[in-house]
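Please read the numbered points alongside the sequence and the coordinates.

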Amino acid sequence: MIDFEVIRQYNFPTTIRFGAGAVKELPAYLISNGLRHPLIVTDPTVVNLDFFKTIKNSLNSKSISVEVFHDIHKNPVKSDVLKGGDFYSKTKRDSIIGVGGGAAMDVARAIALRINHPRDLFDYDDLIGGDKYVTEEVPHFITIPTTSGTGSEVGRSAIIAEDESHKKRILFSPKLLAKIVFADPLLTMDLPAFITAATGMDALTHNMEAYIAKGFHPLCEGIALQGISLINESIADAVNTPDLQSRSKMMIASLMGAVAFQKGLGVVHSLAHPLSSMLDTHHGLANAINLPYGMRFNVDGFEDRFRNIARAMELKEESGEAVVDHLFELNKKIGLPIRLRDIKVKEEHIETLSDLAINDFCHPNNPKPVTRENFRQLYLEAL
Ligand SMILES: NC(=O)c1ccc[n+]([C@@H]2O[C@H](COP(=O)([O-])OP(=O)(O)OC[C@H]3O[C@@H](n4cnc5c(N)ncnc54)[C@H](O)[C@@H]3O)[C@@H](O)[C@H]2O)c1
Ligand SMILES: [Fe+2]
């Protein structure tokens, strides 16, 4: 048994305070950095949870003047960021704390970018070379994850959609890495089973896709294999009988997934993104359903990689086929569907989904090339 009551420090890729109760260190951290006027960015659900009120009270009791911005969409859009930026300036803040899942942390990061960078927000889109405009300092930025999924707490990018088209854009800069992460598994203790399952499968997808992605990056690959192992041993418990052990392992493994996917992602994320744009499907759920199908597509020619994944998962049979079977079983065990039709996808959606998937930015890093026809077949298989 690992003692998760102890708070540990990791300085990779930024300073991470990880352990039960780590968030209690926030007031002292702010004071020691001369920050008395933070803006907390969160979402409309988290703002009403008990732990959020406790965090806010702990700051108020130390004479730290807190303002909260929580007016954000489930899949965040540009106008959320603009509103938050205006609120930051109007209330004269000196720092930004993102508290929540990937959505809240992404908006917090995008607001941090917005403050000293007045161009149109999407001029900073990484896919059109926008990072070259990120030249100024950003406010002191802190992240506090409350889901174990995206790993956005250690990310350098924010995924923000266009208001009208819902097309997702990526804002990126190394300057957008949080100065410190307070990763406190106690904040995820009451995360509902469905969100635990869906966000956890997002984290598993990050680790698996990063491990097999194109390129030579043994650092990321080592982290990804260990992430796979931790999630595999803890996700069912975190969903069905949560305790500090399972919650802690999921939290650190989701953060590891985001470190690992610097190497790249692949076909599964490209299958998943169009489902969120078209049908507002939760990102993790979209990945969870597509994961076994996308992995089955990748086995042929990459058997050695899948043998290592099977080993990390401690499967009896060390093969790609066994990994794929295990993924189907895992989805069932944690109460997630294994078919797209269960999330209201219809055959008539598949042509548009395939058009969007082939234009997605993730699959160029997939270990083997993916054509539009491959996407169409994969959607049909999963239907
Ligand atoms: N920046 C990145 O690298 C990156 C990577 C992948 C995805 N994303 C983005 O992240 C978002 C998805 O993030 P997510 O999967 O964490 O989901 P989320 O942020 O949408 O959170 C899921 C739900 O859980 C609720 N919630 C959060 N913490 C809770 C808690 N402790 N207890 C109870 N409920 C809680 C939220 O209010 C929300 O309703 C998407 O917008 C996606 O585009 C970002
Ligand atoms: Fe993801």
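1. The side chain of threonine 147 places an N or O atom 2.9 Å from an oxygen atom of ligand 1, a polar contact in the sense of a pair of N or O atoms within 3.5 Å. Histidine 282 likewise has a side-chain N or O atom 3.1 Å from an oxygen atom of ligand 1. From alanine 103 it is a backbone N or O atom that lies 3.1 Å from a ligand 1 oxygen.

2. The model is predicted: local features require pLDDT of at least 70 and side-chain atom pairs pLDDT 80 or more, while totals for chains, interfaces and linings use all residues. Residues are numbered from 1 along each chain as its sequence is written, chains are lettered from A and ligands numbered from 1 in the order in which they are written, and side-chain values use heavy atoms, with hydrogens and water left out.

3. Around ligand 1 there are 26 residues, of which Asp43, Gly102, Asp106, Thr146 and Thr147 come nearest; a residue counts if one of its heavy atoms lies within 4 Å of the ligand.

4. The count of cavities of 30 Å³ or more is 1. On a 1 Å grid over the protein atoms alone, a cavity is a set of points where a 1.4 Å probe fits but cannot get out, whereas a pocket is an open set with protein on both sides within 12 Å along at least five of seven lines; lining residues have an atom within 4 Å of a point. A volume is the space filled by probe spheres set on the points, which are joined across faces, edges and corners.

5. The largest cavity has a volume of about 50 Å³. Its lining consists of Ser148, Thr188, Leu191, Thr196, Thr199, Gly200, Arg247 and Met250. Helices (H or I, at least four residues) and strands (E, at least two) are DSSP runs, numbered from the N terminus.

6. The second largest pocket holds about 360 Å³ of space. Of its 14 lining residues, Lys167, Lys168, Leu356, Asn359 and Asp360 are the closest to its centre. Strand S8 (168-172), helix H8 (267-279) and helix H12 (350-358) each supply at least two lining residues, and H8 gives the most, 3 residues.

7. Helix H6 (residues 218-240) bends by about 40 degrees at serine 234, the bend being the angle between axes fitted to the seven residues ending there and the seven starting there.

Key:
Expected span 1.5 Å × (residues − 1). Polar contact = N/O pair within 3.5 Å; in protein donor to acceptor, adjacent residues only side chain to side chain.
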